[in-house]
Amino acid sequence: MIVLWYIALAVMLFFGVKICKLKEWNDENMSFNRTKCFLGFCAVVIVFHHISQATCASWLNPRYVRHGLDIFLTAGYPMVAMFFFCSGYGLYKSARSKENFFRRYIPVRIIPILIPTLITLGVYIFFRYLREIPFNIDSPFAVNGHETWHPYIWYVPCIIYLYIIFYIGFGFSKKDWVGITVVAFGTVGYIAFCVIFGYGSWWYNTPHMFLMGILVAKYEKKFFESCKKLYILRLLITILLCVVFHYMGDKGGWEYLKHFHHPYVAKYALICDVINVLSQVIYTFAFVSLYYLLSMKIKLGNKLLGFLGKFTLELYLIHGIFIHMFGYYMIREGKKPIYYIENVPLFVLVVLGLSIPISYGMSLIDKRIGQALRRS
């Protein structure tokens, strides 16, 4: 029955698609409505990614492994890369086209993010209290693995940080080179911080796409026109790069290399990890480039994707609550969930069926607050 969900995803993505004729191009490939539609799809894929981690990941208790969504185990970070890319693109376009864009920028951009974050964090804290899970308070310089009170909270401090350095770079200077330099150095600083203090690679293998979005927005006309030249060749090369670096980013041969218990191999285990992360970084460039090239000829969009694109952040933050409520463990292994749903297709249905309406309701609250802040 799990195949029905694959069919549903394909229909959701391609229903209503329009393909440009020969020598015709989709000049609105990065329009707000088009990108929101694809981001709606990306958000759903991230939900499937986290469900797969709770059903068929290699680190799970073998007793509870249920295959079917294995393809989504490494599908999360390229989708997150799209969010960073579109955020950088959209911010730059808005900053350069709207008067008084930076007026009340911080509260308007940050508060609507914090509201669903704090609410969902409160739910996870309640779960910990309910299941008597210790409230470990780690130093921000010692964060490791998923040991945070909110399992998927990492995206929030990262995007807030990027919003702030964008404000510093572009809000205090009208010169683009100043803003781009500030964002570039700020991004490098963030990545260095995460690496030095042992954060998991998912904290830092995608934020660079925020800067890439800014650059594409600034040089959009030149970039679009250059992509028209040798389009088919560019597309084929990008597909090849996606295949190669997706394999390497998923650890491919590097992971198998570590299985050989030999001092020579162990010596280069760190190098393998570095190659793995760099492959993920390159793959995000290739994946977003592939989307951009395809969007030049293909017009995605339908009412369902448009609807889902309205509350992607809320869906990201809320869906994990139901994964932990109905997965085989709550928050951490050894703690029973509220109710364990063993059937994977049903598990997906329950998580999406509860997450989507609640996320939409939360987004209406966030939207009203954002509008009130803009008027004040």
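I began with Lys228, which is partly exposed at a relative accessible area of 25%; here buried means under 20% relative accessible area, exposed over 50%, and partly exposed in between, with a 1.4 Å probe and protein chains only. I noted that this is a predicted model, in which local features need pLDDT of at least 70 and side-chain atom pairs count only at pLDDT 80 or more, while totals for chains, interfaces and linings use all residues. Residues are numbered from 1 along each chain as its sequence is written, and side-chain values use heavy atoms, with hydrogens and water left out.

**Salt bridges**

I looked up the partner of Lys228 and found a salt bridge with Glu225, the closest N and O atoms being 3.2 Å apart, where a salt bridge is a side-chain nitrogen of Lys or Arg within 4 Å of a carboxyl oxygen of Asp or Glu. Both residues lie in helix 8 (residues 220–228), three residues apart, about one turn of the helix; helices (H or I, at least four residues) and strands (E, at least two) are DSSP runs, numbered from the N terminus. Glu225 is partly exposed too, at 42% relative accessibility.

I counted four salt bridges in the structure, and I then followed Asp176, whose side chain meets that of Arg96 at 2.8 Å, N to O. This pair links distant parts of the chain, with Asp176 in helix 6 (residues 176–196) and Arg96 in helix 3, 80 residues apart. Lys218 also forms a salt bridge with Asp176, at 3.0 Å between the closest N and O atoms, and here Lys218 in helix 7 (residues 208–218) is 42 residues from Asp176. I recorded Arg96, Asp176 and Lys218 as a network of salt bridges, in which Asp176 is buried at 13% relative accessibility, whereas Arg96 is partly exposed at 33% and Lys218 is partly exposed at 30%.

**Asn302**

I turned to Asn302, found in the loop between strand 2 (298–299) and helix 13 (303–308), and noted that Asn302 is buried, with a relative accessible area of 14%. A polar atom of the Asn302 side chain lies 3.1 Å from the backbone nitrogen of Leu304, and the backbone nitrogen of Leu305 lies 2.9 Å from a polar atom of that side chain. Leaving aside neighbours within four places in sequence, I listed Met12, Leu13, Phe15 and Cys37 as the residues in contact with Asn302, contact meaning heavy atoms within 4.5 Å.

Note on methods:
A polar contact is a pair of N or O atoms within 3.5 Å; within protein, one must be able to donate a hydrogen and the other to accept it, and residues adjacent in sequence count only if both atoms are side-chain atoms.
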